[in-house]
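Take a moment with the sequence and the fold before reading on.

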Amino acid sequence: MLYILDYGAGNVASLANSVRSLGFDFKWVESVEDFDKADRILFPGVGAIRSALSSLREKGFAEPLKKYIASGRPYMGICIGMQVLFESSDESEVEPGLGVIPGKVGRFDSSDKTVPCMGWNGATALRELGEAKKTYGLDADSSYYFVHSYRVAFDEKMEDWALTLTKYGDETYVSSVQKGNVFATQFHPEKSGPAGLEVLKSWLTQGEKGQLVDTSVKPRREQADIDEELVRRGFTKRIVACLDVRTNDAGDLVVTKGDQYDVREAEESTTTETPIPSTNAADGPSSDSTVPKPKGRDVRNLGKPVDLARRYFAEGADEVAFLNITSFRSCPMHDQPMLDVVRQSAETVFVPLTIGGGIRDTTDPDGTSRSALEVAGTYFRCGADKVSIGSDAVFAVEDMLAAGGKKTGKTGIETISYAYGNQAVVVSFDPKRVYANSPEDVPAIHRPSVVDLASPLPGSSTPLKADLGPNGERYCWYQCTVRGGRETRDIDVVQLAQGVESLGAGEILLNSVDRDGSKAGFDLRLVALVKRSVSIPVVASSGAGKVEDFSEVFRETGVEAALAAGIFHRKEVPISDVKDHVQAEGIKIRVV
């Protein structure tokens with residue numbers, strides 16, 4: 001019997017779905033006695049190692065887990081499930097590791113790359129694999145999903161343990177370990193698409209005690225071959241499909257897309273509409289009969305959320321993001337339709353899922369208070385991997401700046417990142433341009449966000465088309481907005497970006513009010529400004545209209561990911577075409 005160890009934090013629903021999709025049953029480790037009953041133990045982890053180790057010891061699981069591993073029965077750890085095996089970690093000096101593997105977990109150097117590491121990369125075998133070129137399902141030609149700030153550096157202590165290595169920036173680290181009955185990965189097989197499912201299947205179908213393949217006894221590969229493959233594989237850019245979800249006038253959940261944040265059709269409609277049939281209960285009511293629509297502009301209906309998410313997974317999207325723009329977000333704990341969208345998507349979509357909208361402190365209709373941490377936890381348990389915070393992040397940074405940079409430790413960003421790790425917290429920005437004839441016309445506090453609209457990007461020799469203001473203004477600064485771009489605040493995009501990083505956000509989703517729905521390309525000056533202001537990953541959004549827009553934003557800004565919505569929904573620009581073009585331009589990308 002397979003047992004999955006849930007230490008109380010992070011998203012384990014995705015792993016459970018992956019195991020079920022492969023046709024295997026399992027039980028949860030609920031007591032110390034379960035360690036004696038288990039034939040196999042799978043220890044997943046998304047979050048912070050201090051929480052994991054503290055929880056293991058509070059539950060009395062630490063010593064029974066070590067005893068289980070020493071018994072020779074199969075163990076597989078994922079991410080935190082791998083890192084807890086070491087003696088210690090820089091992430092938590094007060095909580096020692098289990099000491100199964102010698103060595104210490106250290107933090108990535110952020111001087112030449114963003115941290116956390118968030119994206120797809122290869123796993124290069126340290127030892128000879130034979131003619132099959134695979135071991136434990138790992139494929140030299142596949143990419144896997146990584147999301148972590150801490151890693152195990154490869155040194156002589158790891159010679160007997162390291163199964164694969166991966167390169168991120170200038171650092172080469174251990175991406176999986178194997179010795180005897182122990183197998184563990186730094187990447188997330190459950191979020192690595194078909195290649196990741198193959199890794200899980202390989203481990204689940206290996207023999208009983210004493211029959212596991214021990215790769216530590218195999219000959220070491222030539223160092224030159226290892227180095228060549230590390231460089232060839234490398235960290236890839238991500239293509240993210242975004243789904244804005246809301247109820248339409250008939251009460252159905254639909255995926256919509258706004259033009260300048262207006263999600264209703266441009267022209268008045270008095271006709272009826274035939275809904276797109278769907279077999280997914282989470283997508284809401286659907287039938288082949290027509291549904292009367294009120295006079296006026298209908299909510300733009302581009303499809304059913306679960307169906308579209310599955311389509312994007314099949315088409316090769318590296319991530320899928322759901323942004324809840326329906327009225328239910330004012331009471332997210334009771335938003336059963338949206339929770340079902342996440343839950344049902346996670347059952348068959350094995351790439352990272354982000355959910356945004358309503359991730360904040362709220363109060364239920366009966367007066368029950370709900371913290372942002374509690375709301376986020378609900379979505380994680382349904383299968384989300386990351387949560388996106390919008391307007392509340394702006395207010396939190398405003399309060400922090402007003403307090404002279406002092407943090408309270410109580411904001412949604414802080415509480416969620418402390419419990420689940422900063423890689424689980426995305427902040428969504430909606431900045432808009434404020435034009436000026438001269439930098440001196442901009443308030444002094446906002447001048448760090450001023451850009452010259454007639455000059456090349458800093459550090460780039462590539463000419464960039466002048467993008468002057470409506471009255472010929474050469475400069476602009478980027479003012480942040482809240483409530484879907486409807487209200488401006490006296491804070492600029494650089495203040496917000498650096499503020500949310502300080503509070504503990506792990507990624508920025510950078511929209512543009514000016515470019516939304518324009519198909520004129522990403523606002524490269526905005527993206528480059530934010531990218532050089534922070535050391536966490538940035539996702540460029542708003543304005544994509546053709547495949548060249550994606551290669552341009554990657555090449556000119558170095559941004560880690562690019563997002564689109566409407567052009568994907570309408571199949572105007574297929575994801576496969578984007579990836580083929582980006583790869584042809586010499587940019588590393590995961591191709592399915």
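Helices α14 and α15 pack with their axes 10 Å apart and at an angle of about 40°, where an axis is a line fitted to C-alpha atoms, for helices over the stretch in contact, and angles run from 0 to 180 degrees between N-to-C directions. The two helices α14 and α15 are therefore oblique to each other, given that angles under 35 degrees count as roughly parallel, over 145 as roughly antiparallel, 65 to 115 as roughly perpendicular and the rest as oblique. Their crossing, α14 with α15, is right-handed, a term for the near helix being turned clockwise from the far one by less than a right angle, with anticlockwise giving left-handed. Helices here are DSSP runs of H or I with at least four residues, strands are runs of E with at least two, and both are numbered from the N terminus.

This is a predicted model, in which local features need pLDDT of at least 70 and side-chain atom pairs count only at pLDDT 80 or more, while totals for chains, interfaces and linings use all residues. Residues are numbered from 1 along each chain as its sequence is written, and side-chain values use heavy atoms, with hydrogens and water left out.

Each of these two helices has a further partner to consider. Helix α13 (residues 493-503) and helix α14 (residues 524-531) have axes that come within 9 Å and cross at roughly 40°, which makes α13 oblique to α14, and this crossing is right-handed. Helix α15 (residues 547-557) packs with helix α17 (residues 575-584) at an angle of about 45°, their axes being 8 Å apart, so that α15 is oblique to α17; α15 passes α17 in a right-handed crossing.

Where does the second largest pocket lie? Domain 1 (2-235) and domain 2 (239-243 + 300-430 + 480-585) both contribute residues to its lining, so the pocket lies between them, the domain bounds coming from an automatic or database domain assignment. The lining residues divide into nine nonpolar, eleven polar and four charged, where Ala, Val, Leu, Ile, Met, Phe, Trp, Tyr, Cys and Pro count as nonpolar, Asp, Glu, Lys and Arg as charged, and the others, Gly among them, as polar.

Finally, the peptide bond from Val-115 to Pro-116 is cis, and Cys-79, not a glycine, has a positive phi of about 60°.
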